[in-house]
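Hi,

Here is the structure I promised to pass on.

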Amino acid sequence: MSNMLNDPHTFLELLKEQIEQNLKTHVGHSDAPVMSKSDAFDLSQFTSKVQFEKEMNEQGLMVETIFHNSAPPILYEQALKHEKGSFITSTGALAVSSGRKTGRSPSDKRIVDSPVGHWAFTNEIWWGKVNIKLNDEAFLTNRERAIDYLNTRDQLYVIDAFAGWCETYRIKIRVITSRAYHALFMQNMLVMPTPEQLKDFGNPDFIIYNAGCFPANRFTSGMTSSTSVCVHFQRREMVILGTEYAGEMKKGILTLMM
């Protein structure tokens, strides 16, 4: 039995059978409440939740409380509760502080030169003062640093959404961040999926690890400050350290779509 419970699909089938049996038992008894299958349990939603948690664990994230595609009022509440300096303006907008960085940091942006493999088009990049190369090891060091920081948080905010309206060309994006305002910002920037689309979202095409509240290590190869915004097209990932300015995420997606 323990082996069955370790397999989510087997567990769901057993649970489904139990619910159906309970429903059959109650039919014909006027004194017993009869629930529909949807009232008893939304199996598809549970399957999605299990799959989502599995994906987060595979990405190295073990935080128990995750706000996944939460509604704006919830993100407002989270920002007001946890992010110092946040308030609601007279127009109803959420005003926040982005810390020391009030704009992008183009001199701290790096791209891993990976001309081989999926999305391998770095041979078409005009390398120079703006597009600066980063080696694979330095990217992985920053990625590990970002994930380690995110795992220290009491709660995380995750957005699964689309970049682009056209179903043929749109890209599935996952944003993982420690700030509610970042999640709210990206809900505005991306195309949010319907509940049905979210159930079938599957693995994202591109992931942003936003640990901007935590600095980069200036002694990591390729770093020139405590801020780092690095993109790895082959891994289909972006890592942000040392800047809480939300526009870095938007610019990363625009770079991806060009």
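Predicted model: local features only at pLDDT ≥ 70, side-chain atom pairs only at ≥ 80, totals over all residues.

Residues are numbered from 1 along each chain as its sequence is written, and side-chain values use heavy atoms, with hydrogens and water left out.

Searching the whole structure turns up three aromatic pairs (Phe, Tyr or Trp rings, the last by its six-membered ring, with centres within 6.5 Å; stacked means planes under 30 degrees apart, edge-to-face over 60, tilted the rest). One of them is Phe67 with Tyr157: the centres are 5.3 Å apart and the planes sit at 20°, so this pair is stacked. Phe67 is in strand β1 (residues 65-68) and Tyr157 in strand β6 (residues 155-163), so the pair ties together parts 90 residues apart in sequence. (Strands are DSSP runs of E, at least two residues; helices are H or I, at least four; both are numbered from the N terminus.) Tyr157 is buried, at 1% relative accessible area (buried is under 20%, exposed over 50%, partly exposed in between, using a 1.4 Å probe and protein chains only).

Tyr149 and Phe214 are also stacked, 5.2 Å centre to centre with 15° between the planes. Tyr149, in helix α6 (residues 136-150), meets Phe214 from the loop between β8 (206-211) and β9 (228-232), so parts 65 residues apart in sequence are tied together. Tyr149 is buried at 10%, while Phe214 is partly exposed at 28%.

Cheers
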